[in-house]
2 protein chains.
Amino acid sequence: MIVTCVYVHVKSDAVDKFINETITNHRKTVQEPGNLRFDFIQQADDPCSFMLYEVFEDEKAVADHKETSHYLTWRDNVANLMAETRKGVRYKIIEPSDRTRW
Amino acid sequence: MIVTCVYVHVKSDAVDKFINETITNHRKTVQEPGNLRFDFIQQADDPCSFMLYEVFEDEKAVADHKETSHYLTWRDNVANLMAETRKGVRYKIIEPSDRTRW
């Protein structure tokens, strides 16, 4: 299992559009067989800052996600909404170590 | 529901001890009635960097957690293991909006 935290800083006039685009991507992503979680959260003290907490089964599931039409549409539609390049940070899971808890 | 991402940078000779202390805290925290998730993850390209992905029902559940003996023991036992002060970032949840998905 692989966790990627994707940090996105959105232009102040693009927040609503970014939220709509990402909700659409979220709803399709959680239906992928290799997706375990995809949480879409907004920083409490900065409504222009978001985090996508993405958990996939393995490297193949991550690669498969990046080839889906919903990911590619999201990537293209949000490209001009960001104030800076988004940043992804990879993590290894320590707990929960039990696969059924994901 | 409230998400807090806690970022911890641990001294290089304290990684194993920090992991053990945090696993103990994790196992008790997920039994709290107000806890929805508590993921303990380690940065893939920096084994000294960790994130605690903590999700609680509400502000009361967050406050209750900080009064538990397992939290207070963890806080005291890891204080000298950190290379710098840990940082917590609060987030609002956009998706999954369905409480049962947490």
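Which residues in α1(A) meet which residues in α3(A)? The first view takes that up. This is a predicted model, in which local features need pLDDT of at least 70, side-chain atom pairs count only at pLDDT 80 or more, and totals for chains, interfaces and linings use all residues. Residues are numbered from 1 along each chain as its sequence is written, while chains are lettered from A and ligands numbered from 1 in the order in which they are written.

**View 1. Two helices of chain A, α1(A) and α3(A), pack together.** From α1(A) come A:Phe18, A:Glu21, A:Thr22, A:Thr24, A:Asn25, A:Lys28 and A:Thr29, and they meet A:His70, A:Tyr71, A:Trp74, A:Asn77 and A:Val78 in α3(A). Being in contact means having C-beta atoms, placed from the backbone, within 7 Å. Helices (H or I, at least four residues) and strands (E, at least two) are DSSP runs, numbered from the N terminus. The axes, lines fitted to C-alpha atoms over the stretch in contact, are 9 Å apart, at an angle of about 170°. The two helices are therefore roughly antiparallel (the word covers angles over 145 degrees, on a scale from 0 to 180 between N-to-C directions). By type, this contact splits into 4 nonpolar, 6 polar and 2 charged residues. Here Ala, Val, Leu, Ile, Met, Phe, Trp, Tyr, Cys and Pro are nonpolar, Asp, Glu, Lys and Arg are charged, and the others, Gly among them, are polar.

**View 2. A:Pro33 sits in the loop between α1 and β2 of chain A.** A:Pro33 is exposed, with 7 other C-beta atoms within 10 Å (12 or fewer counts as exposed, 20 or more as buried). A:Glu57 is 24 residues away from A:Pro33 in sequence, yet their C-alpha atoms are 8.6 Å apart.

**View 3. The largest nonpolar core has 28 residues.** Such a core joins buried Ala, Val, Leu, Ile, Met, Phe, Trp, Tyr and Cys residues through C-beta atoms within 7 Å. A:Ile41 and B:Ile41 have the most contacts inside it. Strands β1, β2 and β3 of chain A and of chain B each give two or more residues to this core. Among the residues that B:Ile41 touches are A:Val3, A:Tyr91 and B:Phe50.

**View 4. Chains A and B meet, with 21 residues from each.** β4(B) gives the most to chain B's side, with 7 residues. That side holds 13 nonpolar, 3 polar and 5 charged residues. β4(B) also pairs with β2(A) in the antiparallel sense over 4 bridges (pairing takes at least two DSSP bridges). In one of them, A:Gln42 has B:Lys92 as its partner.

Conventions:
Contact = placed C-beta atoms within 7 Å. Parallel < 35°, antiparallel > 145°, perpendicular 65-115°, else oblique. Lists of a residue's contacts leave out its neighbours within four places in sequence.
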